[in-house]
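Let's take a friendly walk through this model, beginning at the ligand and moving on to the helix pairs and a few loop residues. Have the structure open beside you as you read.

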Amino acid sequence: MDDFSEKLAVITGGANGMGRELAIQLAAEGCDVAICDLSEDDMANTAAHIREHSADIRITTHVADVGSEEAILAFRDQVMEQHDTDHVELVFNNAGISGGGSLFDSSREAWDRTFNIVWGGVYWGTRAFLPLLTQAEEGHLINTSSVNGFWASLGPERPHTAYSAAKFAVKGFTEALIADLRMHAPHVGVSVVMPGHIGTKIVESSMRHGVIGDLAAEEKALLELAAGDFEANALTTAADAATIILDGVRANQWRILVGPDAVALDEVVRRIPQDVYGPDGLEEIMAAFGATGETVLDK
Ligand SMILES: NC(=O)c1ccc[n+]([C@@H]2O[C@H](COP(=O)([O-])OP(=O)(O)OC[C@H]3O[C@@H](n4cnc5c(N)ncnc54)[C@H](O)[C@@H]3O)[C@@H](O)[C@H]2O)c1
């Protein structure tokens with residue numbers, strides 16, 4: 001798909017970060033947009049920005065929790081009704097949060113909440129919208145994984161289990177869909193997005209939407225990331241990330257690495273797979289994130 005004008009794009013987690021920037025850039029190209037999020041105010045803000053700059057397109061906002069299949073199905077029904085359509089051309093399963101780092105000192109509730117949003121959101125989102133994608137003349141499904149979809153770590157002393165497990169699942173699922181779609185719906189393309197460190201408020205958003213219960217360890221880990229200025233220290237802005245993602249969709253790339261750190265890390269993990277979780281590989285991993293200055297790995 002090399003032209004997004006007069007198409008309809010569905011974006012989960014469209015209120016902030018990369019989802020918001022995708023919505024803004026697609027709208028600027030004449031694409032109608034339906035976004036869902038948990039944050040009604042942030043969605044209203046994104047919608048107002050889009051209406052101001054891209055007056056001709058139609059944007060709708062929907063409160064839906066992608067950690068619930070029922071909510072995603074309701075979102076799908078609202079999109080069909082409010083856009084008066086039986087098809088959509090683009091689906092970005094983008095919403096995600098962090099949390100549930102450890103099987104030992106995170107709560108089961110926090111672990112499951114992260115896994116359900118990060119994996120469930122993509123799986124249920126794909127199931128819900130696939131019939132609408134296949135109804136389109138041409139369609140494209142874009143599932144957001146992470147560098148944590150091929151490297152399950154934030155450093156040798158920071159467990160990152162729920163998020164990494166979910167992001168590996170997103171990557172495997174999306175890669176497996178390549179053949180499934182080729183066999184059954186060859187007019188629908190598919191891409192897995194693997195961002196490196198992108199400047200967004202995901203840490204704050206994870207504290208708002210995840211389960212930060214009674215467990216100090218969970219909260220401490222997220223607060224430390226926030227204090228490290230996760231947003232400001234990223235090499236790639238959310239806007240640049242959205243541009244890279246949309247360029248990848250236009251080029252029909254099934255894997256879209258976002259940011260120089262993602263490209264470098266992908267190379268390191270392939271070159272020294274045995275070393276990337278221990279002290280022996282740390283220097284190489286740090287170098288991959290190198291130009292970001294202080295990174296999550298410094299914590
Ligand atoms: N920022 C990074 O460095 C980075 C790196 C790799 C992957 N990612 C992934 O990119 C995607 C976008 O992240 P971002 O950095 O733009 O984050 P962000 O927090 O800026 O935006 C994510 C949006 O999703 C929404 N959201 C969270 N949980 C939700 C739920 N249950 N239902 C509906 N909406 C929900 C949030 O309210 C927020 O508006 C996520 O899947 C994230 O895991 C981010």
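Of the 31 residues around the ligand in this predicted model, the nearest are Gly13, Gly17, Gly96, Thr200 and Ser205. Helix H1 (17–28), strand S2 (32–37) and helix H6 (202–209) are the elements that each give two or more residues to this shell. Sorted by class, the shell around the ligand holds 12 nonpolar, 15 polar and 4 charged residues.

**Helix pairs**

Packed helices are described by two values, the angle between their axes and the distance between the axes. Here are those values for three pairs.

| Helix pair | Angle between axes | Axis distance |
|---|---|---|
| H1 and H8 (residues 238–250) | about 60 degrees | 8 Å |
| H3 and H4 (residues 108–135) | about 35 degrees | 9 Å |
| H9 (residues 260–271) and H10 (residues 279–289) | roughly 155 degrees | within 7 Å |

The classes here are 8 nonpolar, 3 polar and 1 charged.

Next come H3 and H4, with a right-handed crossing. H3 supplies Glu69, Ile72, Leu73 and Arg76 to the contact, while Trp124, Gly125, Ala128 and Phe129 come from H4. This contact of H3 with H4 counts 5 nonpolar, 1 polar and 2 charged residues.

How are H9 and H10 oriented to each other? Their axes cross at roughly 155 degrees, and H9 and H10 are therefore roughly antiparallel. The crossing of H9 and H10 is again one described as right-handed. Asp261, Ala264, Leu265 and Val268 of H9 meet Glu284, Ile285, Ala288 and Phe289 of H10. The contact of H9 with H10 has 6 nonpolar and 2 charged residues, and no polar ones.

**Loop residues**

Now for the loops. Asp84 sits in the loop between helix H3 (69–82) and strand S4 (90–93). Its phi is near 45 degrees, a positive value in a residue other than glycine. Is Asp84 buried or exposed? Asp84 counts as exposed, because it has 7 other C-beta atoms within 10 Å, and 12 or fewer is the cut-off for that label.

The loop between H8 and strand S9 (255–258) contains Asn252. Asn252 is another residue other than glycine with a positive phi, in this case near 55 degrees. Asn252 has 12 C-beta neighbours inside 10 Å and so counts as exposed.

Gln253 lies in the loop between H8 and S9 as well. With 15 C-beta neighbours inside 10 Å, Gln253 is classed as partly exposed. Leaving aside residues up to four places away in sequence, Gln253 touches Ser191 and Gly248. Gln253 and Ala47 are 206 residues apart in sequence, and their C-alpha atoms are 29 Å apart in space.

Technical notes. Residues numbered from 1 in each chain as written. Predicted model: local features only at pLDDT ≥ 70, side-chain atom pairs only at ≥ 80, totals over all residues. Near = placed C-beta within 6 Å. Helix = DSSP H or I, 4+ residues; strand = E, 2+ residues; numbered from the N terminus. Nonpolar A, V, L, I, M, F, W, Y, C, P; charged D, E, K, R; others polar. Axes fitted to C-alpha atoms, helices over the stretch in contact; angles between N-to-C directions. Buried ≥ 20, exposed ≤ 12 C-beta atoms within 10 Å, placed from the backbone. Contact = placed C-beta atoms within 7 Å. Parallel < 35°, antiparallel > 145°, perpendicular 65-115°, else oblique. Left-handed = near helix turned anticlockwise from the far one by under 90°.
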